[in-house]
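Reader: Could you walk me through this one, with the charged pairs in mind?
Author: Gladly! Let us look at it together.

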Amino acid sequence: MLRPVLALALMATTALAETIPTGDLGLVVERATGSLLVVDQSDRARIGRIEGLGDLSHASLVYSPDQRFAYVFGRDGGLTKVDIVTQAVVGRVMQAGNSIGGAISDDGTLVAVSNYEPGGVRIFDADTLDMVADIPTDSKTIGLVDIPGRRFVFTLWDAGETWIADMTSGEAQITRIENMGAFPYDALVTADGRTYITGLFGADNLTALDLWQDKPEPRPILPGYAAGREGLPVYKMPHLEGWALAGQEFVLPAVGQHEVLWVDARDLTETGRTATYGQPVFAMARPDGRQVWVNFAHPLNDTIQVIDTMTKAVIHEFKPGPGVLHMEFTPRGHEVWLSVRDAGKVMVYDTRTFEKLREIDADSPSGIFFTARAHRTGL
């Protein structure tokens with residue numbers, strides 16, 4: 001018989017041997033096959049695949065605070081919980097007919113989903129996926145983000161309103177903010193949860209809210225940024241997220257123009273513009289804010305440009321391949337991973353030298369999500 005101390009030591013050793021760290025893992029959406037590729041960003045390698053997630057043609061996901069579980073928002077309205085340690089689906093509900101994204105509360109207990117059909121937001125228990133709140137809006141909802149205090153913020157495409165859902169009491173307490181502008185298409189919130197910016201498809205400006213105010217008031221920013229110029233056909237709406245903040249400036253993709261717009265984050269005034277190769281889809285600041293990487297809408301989506309944030313000039317341009325859909329920086333920004341859909345590859349680049357470091361096979365890859373997102377507001 002083993003002595004108690006030795007037995008405990010052996011049990012601890014066995015438990016440690018089975019521990020799988022998740023801090024440098026990530027998931028890549030494979031949109032054509034409804035699957036997720038599990039990747040290790042330190043080893044620059046694929047380590048598994050999770051299948052059976054339905055239509056992932058515009059999918060995104062968020063992570064639990066312990067970085068073990070991901071909640072995947074499928075275009076078909078499916079909300080799927082996956083365990084990246086066991087690489088398995090552990091929960092799935094069809095909560096709507098068409099959804100566009102979601103968020104997880106700051107305490108990790110609630111998952112909210114933004115829906116096109118039916119409109120509105122539905123909120124679920126993160127453990128069980130039981131629905132705890134249904135917030136109908138009679139409108140498509142976009143720009144859903146989490147902010148501190150078990151609260152979610154989202155915007156109504158049809159009504160031009162932003163709503164704040166406070167879940168502190170366990171039931172949704174709604175604050176409505178009118179007059180945000182015509183046809184808001186996406187939104188971002190800063191990492192401190194204070195500034196919320198919506199892009200508008202039906203107006204020549206964007207709208208900002210100061211969420212630290214008791215009664216946030218809409219504030220137009222960049223009014224008339226495209227005045228006097230013909231709008232180009234929009235083949236893909238730009239994406240706005242918290243990565244738009246580079247140091248003290250927001251870098252925002254223009255709608256219908258070949259340029260990114262620079263805005264002082266302190267007073268929300270324009271500080272510059274940079275002409276780009278095409279219509280920007282993602283304009284993402286490297287985590288240290290020193291560079292902004294930009295990809296473009298069809299038919300120019302084979303190209304990446306890198307902008308220096310000190311000079312606001314394009315310092316590097318290259319063509320990774322056809323259909324560059326998404327970018328994801330490693331947490332400290334020394335590498336960037338690109339999904340190149342039509343090449344069937346995820347490509348890894350050094351952000352200082354621009355050298356390609358690795359290619360990873362993937363089936364029509366789109367979104368790339370590292371688990372470090374678990375600890376960032378608004379992502």
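Author: One cut-off first: a residue is buried under 20% relative accessible area, exposed over 50%, and partly exposed in between. Please keep in mind that the model is predicted.

Reader: Is arginine 68 buried, partly exposed or exposed?
Author: Its relative accessibility is 31%. Buried means under 20% and exposed means over 50%. Because 31% falls in between, arginine 68 counts as partly exposed.

Reader: Which residue forms a salt bridge with arginine 68?
Author: The closest N and O atoms of the pair are 2.7 Å apart. Arginine 68 sits in the loop between strand E4 and strand E5, and its partner, 15 residues apart, is in strand E6.

Reader: How many residues apart in sequence are the parts tied together by glutamate 249 and lysine 312?
Author: The two side chains meet in a salt bridge, 3.1 Å from N to O. Glutamate 249 lies in strand E21 and lysine 312 in the loop between strand E26 and strand E27, so the pair ties together parts of the chain separated by 63 residues.

Reader: Glutamate 328 forms a salt bridge with which residue?
Author: Glutamate 328 is in strand E28, and the partner is in the segment after strand E32, 45 residues apart. Both residues are buried. With closest N and O atoms 2.9 Å apart, the partner is arginine 373.

Reader: And how many salt bridges does the count come to?
Author: Some are linked in a network, which joins Lys345, Lys356, Glu359 and Asp361. The count comes to 20 salt bridges.

Note on methods:
Residues are numbered from 1 along each chain as its sequence is written. This is a predicted model: local features need pLDDT of at least 70, side-chain atom pairs count only at pLDDT 80 or more; totals for chains, interfaces and linings use all residues. Side-chain values use heavy atoms; hydrogens and water are left out. A salt bridge is a side-chain nitrogen of Lys or Arg within 4 Å of a carboxyl oxygen of Asp or Glu. Helices (H or I, at least four residues) and strands (E, at least two) are DSSP runs, numbered from the N terminus. Buried means under 20% relative accessible area, exposed over 50%, partly exposed in between (1.4 Å probe, protein chains only).
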